[in-house]
Amino acid sequence: LDVSMDTWNFFYTCLVSLWLHRFYIYSAVAFGISVWIVIQFTTTKTKKKVTECVRIEDKLVNGYATLQAKEVYVAGVKIFYGSQTGTAKRFAEGLAEAVISLNLPVEVISMGDYDPDDCLSEETTSKNICVFLVATYTDGQPTESAAWFCKWLEETANDFRFGKTYLKGLRYAVFGLGNSVYVDHYNTVGRNIDRWMWMLSASRIMTRAEGDCNVAQSKHGSIEADFEAWKTKFLSRLQALCRGEKKPCSGKCKKGKCKSSGKQSKESSDHERGASEYENTEAEELFETSSEEEADAEEAGGTHSVIDVEDLGNIMSHMKKAKRERELEEGDVGTSLTQEDAGRKEEGEKREMITPALREALTKQGYKLIGSHSGVKLCRWTKSMLRGRGGCYKHTFYGIESHRCMEATPSLACANKCVFCWRHHTNPVGTEWQWKMDQPEMILQEAIENHQNMIKQFKGVSGVKADRFEEAMTAKHCALSLVGEPIMYPEINRFVKLLHQHGISSFLVTNAQFPDEIRNLEPVTQLYVSVDASTKESLKRIDRPLFKDFWQRFLDSLKALSEKQQRTVYRLTLVKAWNVDELKAYADLISLGKPDFIEVKGVTYCGESSASNLTMANVPWHEEVVRFARELADLTPDYETACEHEHSNCLLIAHKKFKINGEWCTWINYDRFQELVQEHERSGGSKTFTAADYAAKTPRWALFGSRERGFDPLDIRYQRKNKVRDISGC
């Protein structure tokens, strides 16, 4: 019993002790639990990290190919170009060099060497980016090299057998090359390719861009600058795609739109101002979406989503609403830009006609450029007559001294792109003056200085006659026929007056597209109008004019010519298989303009050019030109064939009023002309004079049918052998 009581007392004492020290016991337990929790948490986190590392290592070792495939978003870039004059090709090569610098494979492909039927569908799975650099050619048609590609793409886009998802997965970008002067056809090819690609479910990686050859309307001052600006954006977008980004922006903007991309779209649409009818159709709304909108559609519906017909109306409404919202967002920007442009115009800030690239090209061709829109060049006949080797046809027909003739122009721009243009269309084009303008005094002074400097280069050259060299240092004639349309220059009358004040005769050539300017033109020594065709269809085909109403302008120009009292000339350029079978129509035009003279000249072959498809087969033989001239003279009773210059493949048909007492008087008394024009100016224009007042007798060697056939017997004809022919000159 005592043992039992002792045991109980012991336990009782322990329990009482525990109870009395319970606070310390609770604290110890709590501390222990806390330590356990911390240990467990730390151990679990460490194990998780180790597990993840093991999994990653396992993927790198066992699934390397799979991981690598996910990281390749752009396999390479294919650059397709369609070029006529070589500009698009040059751009393609420049873009390729930039892409190579990003360590991406690149391939430059001419559309003429590519079969889209066999190869284009492969790009839907290749992860390549396809870039299209395409130029718009005559009447909005693609270039020769791109014709088949565009034809195939159009037919495929409209062929139900291919399906609307034929090119789904193909990613592309388009840069069009065009000239906004051709309003109805501006960048038509680029727009069409963009539309057809979209219709076949290809995905734009960025909004279409358009380069403009018209420097006055080009957003960046030239087509080269337009391309460089687009190239910078493209390379930035390409780098983003390589990183796996789906949108040009971060994608956090509402509805996938951002102001930056909106501006890009705005820039692209600026050049579409001249083709509003083209853009305002319902069909345009279907494909004029941005790359951001296409990304939104893919995210909303998924890559394999099917649209119910009943939902199509809602989708169209959504697209139109999104388009309106984008226009509203850009409204403030557009307004400010419009105001800024208006301010620039008010301040007279216009662009220069000659861009740096154009300046470089023309300088290589031997032009001495003056200011921002003028030029002078030494004619080959000037060189020839300096050496006593004969003068040009103007020497034979009108008695000019070829070694004293300055070939110049106050306007390098032209309103036509003739198929036989010997400048290969390196000069700018336009329908009105919209560039910076230099003063005529500066143009004439620098033209004379540049001409003299070119003449000085012949000092001491073997064969150059000393007396003619001295005479050549003082220009006596100016042929305003170098290139372009001189009559477009707003101060052409002041320029002509300055020529006459310097004792220089004026031979001005116009392409018969500016009738008002012809009427308002002050007296010139001789006014030419180029009559390259006699029907509306052939004129459009040969001259490729920019004006829509080119034929009416042509006829009005001939009527304006008939009102002139000084010497007037029709200049007919014969192109075999193009305009040599229209004799009756030519005769009708002669009766309309009543020119004093008609020059009939065979076209000069200027060598192969991507800007024209003429060949030597289009150059008529001299006998063919003679036959044409005689037949034309037979159809016009008031005219006869008067002179011939066989060397230039040219004949002169003259009005019979210049056949005085049985002798032709087609030459010009230049001193008498200067007297008459000075009297005219002193009288304020009240005292007029006519072509007959300064006519001079034509020498026998210059007449048609003479033994010399138009070659001056005072000179010695030089026959070139095994040398490239110099075809420069007027």
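**Close-up views of a predicted model**

**View 1. The side chains of R208 and D194 are joined by a polar contact of 2.9 Å.** This is a predicted model. A second polar contact, of 3.1 Å, links the R208 side chain to that of E210. R208 belongs to a loop. The loop runs between β5 (203–204) and β6 (209–212). Is R208 buried or exposed? R208 counts as buried, because its relative accessibility is 2% and the cut-off for buried is under 20%.

**View 2. Strand β9 is largely enclosed by the rest of the structure.** The strand spans residues 405–409. Five of its five residues are buried. Which residues cover each face? On one side sit C405, E407 and T409. On the other sit M406 and A408. Both faces of β9 are covered.

**View 3. Strand β9 pairs with β8 and with β10.** Start with β8, residues 374–377. Three bridges join β8 to β9, and these two strands run antiparallel. Look for V376: its bridge partner in β9 is A408. A408 is also one of the buried residues of β9. Now turn to β10, residues 477–480. Three bridges join β10 to β9, and here the strands run parallel. E407 stands opposite A479 of β10. Like A408, E407 is buried.

**View 4. Helix α24 has buried residues along one face.** The helix covers residues 583–593. Its buried residues are L583, Y586, A587, L589, I590 and G593.

**View 5. The buried residues of α24 pack against helices and strands.** The helices are α23 (550–562) and α25 (622–635). The strands are β13 (567–574), β14 (597–602) and β15 (639–645). After α24 comes K594. The phi of K594 is positive, near 45°.

View 6. A disulfide is a covalent bond between the sulfur atoms of two cysteines. How many disulfides does a search of the whole structure find? The search finds zero.

Methods:
Residues are numbered from 1 along each chain as its sequence is written. This is a predicted model: local features need pLDDT of at least 70, side-chain atom pairs count only at pLDDT 80 or more; totals for chains, interfaces and linings use all residues. Side-chain values use heavy atoms; hydrogens and water are left out. A disulfide is a pair of cysteine sulfur atoms within 2.5 Å. Buried means under 20% relative accessible area, exposed over 50%, partly exposed in between (1.4 Å probe, protein chains only). Helices (H or I, at least four residues) and strands (E, at least two) are DSSP runs, numbered from the N terminus. Two strands pair if DSSP finds at least two bridges between them. The arc is that of the directions from the helix axis to the C-beta atoms. Contact means heavy atoms within 4.5 Å. A polar contact is a pair of N or O atoms within 3.5 Å; within protein, one must be able to donate a hydrogen and the other to accept it, and residues adjacent in sequence count only if both atoms are side-chain atoms.
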